[in-house]
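Have a look at the model below.

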Amino acid sequence: MTATRFRIGCGAGFAADRVQPAADLVERGGLDAIALECLGERTVALAHLRRLRDPGAGFDPMLAKRLTALVGPMSRTGTRLITNAGAADPMAAGRMAADIAAAAGAPMRVAVVLGDDVLDRLDPDAAAWEDGRPLEAHGELVSANAYIGVDALLPALGTGAQMVVTGRLADPSLFLGPMMHAYDWDPADLDLLARGTVVGHLLECAGQVTGGYFADPGVKPVPGLADLGYPIAEVAPDGSAVITKLPGTGGLVDRRTVVEQLTYEVIDPRAYLTPDVSADMTAVRIAELGADRVGVSGAKGAERPAELKVSVGHRAGFRGEAELGYAGRGAADRARLAAEIVGARLEGVVPRLRIDVIGVDSLHGATLSEGVEPYECRLRVAGTAPDRAAAEAVAEEVSALYTAGPAGGGGLRTSVGEVIGVLSAGIPREAVETRVEVVGATGGAQ
Amino acid sequence: MKVRLHDVAHSRAGDKGNLNTLSLIPYDPDWYLVLCALATAEAVAAHLADRVVGPVVRHRMDGVHALIFVCPRDADDTVTSSLHLDTHGKSLSSALLQMEIEVGDGPGPGAAAPGGATGPPA
């Protein structure tokens, strides 16, 4: 720990995030710990599907690339790494992590958190939160992962392993766990847990708090976005923190970037629910302390939810998508004519169909784009069906516009793929048993 | 006079299941109470009706001068099942900022948009 502040950074905010900013953070950030948040709502389900097809492919495909860039800096600085990139197969990810460290001449112990996979113990008749219908009524269930929290993470941190790999650990818990471990916070002190959770929430999307996903030229410009620096929190023992970023990098941290991220994906600011606590964000105070330094304090905590949330993946048929471009005088009219033609040809073939014109109404609908006549635009057709052949018809009918549609279409793109739907449900905490295994270095590889 | 929200506020969209969260954050804190009065849940629901099926719930975060609108989409319009090009609804923050509010002509923040032609205060 540097002085009296625990320094934790975020080196990835989603599965496809950039790699280099994390390496820079570990090399130059003076960090005690870095977290890589690599799981979204659907990422775990897709990882399960990959594992079903190809055992050994159940974790984040970019993890090897990330760790290869990080083990060198980690061995030089001693920074600990915590990541949920284990996805559907944290054990395989942990073994690979240990192998990468050993191959780089920097052997490390890797603690693996297991037990979030609850497919074999989830009640398939449990009600989906989205519509109240039984989970299994939506289609064959392929995955069920409980959002586990610091209860599961703290024992892994207690092993002293330099790397910790998990599956569906909740995003803010990746950060709260190391803070609790460093300061030996009492789990019954709910205000501390809430403050740590808010800091984790601010960091969990990495560059989204340092000026990423923020720039709007002429209105809220961001300097040096190409070299966007990722965030660091300097956490005090009372859970207050300064949000900042690596010096000498692009981006910015100010009240606006912090408040945008504070509000991100918050459904009830008085009760932001994680496996660890219910955090009241309306009590949060923000203070600009200097260039790229923003103080965050004041969150209040209440009792954590009785049940754990489970993210459930199910087979949901097939999706076909296709686009074709039109340009010049009358482009939108020709795209609309193409839409009519494809709509007629697919009637009764594809049960769910949507047709838009990109450049006109594909993002916000027809009302907000009324009167827009672009120089160029693209017909977009998307449909889902229970069987692959019907989904393929979408691609086929858009392709057929080349010779049997309006004039001047070009730039065809088509895709067809299986759809994995994701639902949410609750599971009693006692039904979820997590445990830790240590692999690599002196950890006694299993 | 009419003020477009983009001239006085910024926004970020988040998504969970078939919900979008849309924040609305004034550049100038003096505009916060104006937005509280005029950017109602009902007005936002009507503005976003092409995608948001409602009802929209609005939360106030007075401590940081931010509003959050929780916007339900159709049950089958989730990030995994949506047929929309933007399956997450991430671009809806820009749709929200296209909304106009009718402010008074008197003194105070209602007199003129702090942004207007010159953009919001840095």
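Q: What do Phe6(A), Tyr183(A) and Trp185(A) form?
A: Phe6(A), Tyr183(A) and Trp185(A) form one aromatic cluster. A word on ground rules: this is a predicted model, where local features need pLDDT of at least 70, side-chain atom pairs count only at pLDDT 80 or more, and totals for chains, interfaces and linings use all residues. Residues are numbered from 1 along each chain as its sequence is written, chains are lettered from A and ligands numbered from 1 in the order in which they are written, and side-chain values use heavy atoms, with hydrogens and water left out.

Q: How many aromatic pairs are there over all chains?
A: The count comes to two. The rule is that rings of Phe, Tyr and Trp (its six-membered ring) pair if their centres lie within 6.5 Å; planes under 30 degrees apart count as stacked, over 60 as edge-to-face and the rest as tilted.

Q: Why is the pair of Phe6(A) and Tyr183(A) called edge-to-face?
A: The ring centres of Phe6(A) and Tyr183(A) are 6.4 Å apart and the planes stand at 70°, so edge-to-face it is. The pair also ties together distant parts of the chain, with Phe6(A) in strand E1 (residues 6–12) of chain A and Tyr183(A) in helix H6 (residues 173–183) of chain A, 177 residues apart. Helices (H or I, at least four residues) and strands (E, at least two) are DSSP runs, numbered from the N terminus.

Q: And what makes the pair of Tyr183(A) and Trp185(A) stacked?
A: Here the planes of Tyr183(A) and Trp185(A) are at 20°, with the ring centres 5.9 Å apart, so this pair is stacked.

Q: How do you know that Tyr183(A) and Trp185(A) are buried?
A: Buried means under 20% relative accessible area, exposed over 50%, and partly exposed in between (1.4 Å probe, protein chains only). Tyr183(A) has 16%, so it is buried, and Trp185(A), at 6%, counts as buried too. Phe6(A) is buried as well.

Q: What makes the charged end of Lys220(A) sit over the ring of Phe214(A)?
A: The call requires NZ of Lys or CZ of Arg within 6 Å of the ring centre and within 35 degrees of the ring normal. The charged end of Lys220(A) is 4.0 Å from the centre of the Phe214(A) ring, and sits over it. Lys309(A) does likewise with Tyr147(A), at 5.2 Å from the ring centre.

Q: Which residues does Pro305(A) touch, not counting residues up to four places away in sequence?
A: Pro305(A) touches Leu273(A), Thr274(A), Val277(A) and Arg429(A), where contact means heavy atoms within 4.5 Å. The C-alpha atoms of Pro305(A) and Val277(A) are separated by 7.0 Å, though the two are 28 residues apart along the chain.

Q: How is chain A divided into domains, and what area is buried between them?
A: Chain A is divided into domain 1 (6–311 + 425–439) and domain 2 (315–424), with bounds from an automatic or database domain assignment. The area buried between domain 1 and domain 2 of chain A is about 1100 Å²; buried area is the accessible area (1.4 Å probe) that two parts lose on being put together, summed over both. Leu49(A), Glu130(A) and Glu140(A) lose the most on the domain 1 side, together 35% of what that side buries.

Q: Where in chain B is there a cis peptide bond?
A: It joins Gly54(B) and Pro55(B), with omega about -5°. Pro55(B) lies in the loop between helix H3 (41–47) and strand E5 (57–61) of chain B.
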